[in-house]
Amino acid sequence: MADKQLKTLAAKVNDLIQLCELLDQENRELKSQASGWAEEREQLIEKTEVARKKVELMISRLKALEQET
């Protein structure tokens with residue numbers, strides 16, 4: 001009886017080890033994705049800032065042209 005309980009316990013421990021390894025892998029993948037998203041976000045913020053400056057410059061030029069006429 002004790003041998004059967006020991007085998008059951010060993011099987012459960014092995015299942016937990018496998019689950020921990022799976023969760024660890026999943027956690028690493030999620031952290032990698034989050035890092036990629038953060039990098040992408042920074043790039044998008046930079047592109048938005050460049051576009052905003054270009055639009056502001058165009059508006060300034062149009063106002064200057066309007067004042068000349």
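This is a predicted model: local features need pLDDT of at least 70, side-chain atom pairs count only at pLDDT 80 or more; totals for chains, interfaces and linings use all residues.
1. Overall form. The secondary structure of the protein consists of 1 helix and 0 strands. The radius of gyration is 30 Å, well over the 11 Å that the globule rule gives for 69 residues, so the protein is more spread out than a compact globule. Along its principal axes, the C-alpha trace spans about 100 × 10 × 5 Å.

2. Surface. Buried residues make up 0% of the 69 residues. The accessible surface comes to about 6800 Å², and carbon and sulfur atoms account for 60% of that. A nonpolar surface patch is formed by L6, L9, V13 and I17, which together have about 360 Å² of accessible area. L9 lies in helix α1, which covers residues 2–68.

3. Charges. The protein has 12 positive and 14 negative charges, and their mean positions are 2 Å apart. Side chains of opposite charge can pair when their charged atoms come close. In the whole structure, 5 salt bridges are found.

4. K7 and D3. These two residues form a salt bridge, with 3.7 Å between the closest N and O atoms. Both lie in helix α1, 4 residues apart, about one turn of the helix. K7 is exposed, at 56% relative accessible area, while D3 is partly exposed at 48%.

5. R28 and D24. Here the closest N and O atoms of the salt bridge are 2.7 Å apart. The residues are again 4 apart in helix α1. R28 is partly exposed at 45%, and D24 is partly exposed at 38%.

6. R52 and E49. Their side chains meet in a salt bridge at 2.3 Å, N to O, and the two residues are 3 apart in helix α1. E49, R52 and E56 are linked in a network of salt bridges.

Conventions
Residues are numbered from 1 along each chain as its sequence is written. Side-chain values use heavy atoms; hydrogens and water are left out. The radius of gyration is taken over C-alpha atoms; the globule rule is 2.2 Å times the number of residues to the power 0.38. Buried means under 20% relative accessible area, exposed over 50%, partly exposed in between (1.4 Å probe, protein chains only). Accessible areas come from the Shrake-Rupley method with a 1.4 Å probe; for residues, only the protein chains shown count as cover. Lys and Arg count as positive and Asp and Glu as negative; His and the chain ends are not counted. The place of a charge is taken as NZ of Lys, CZ of Arg, CG of Asp or CD of Glu. Patches are made of residues with over 30% relative accessible area and no salt bridge: like charges are joined within 9 Å, nonpolar side chains (Val, Leu, Ile, Met, Phe, Trp, Tyr) within 5 Å. A salt bridge is a side-chain nitrogen of Lys or Arg within 4 Å of a carboxyl oxygen of Asp or Glu.
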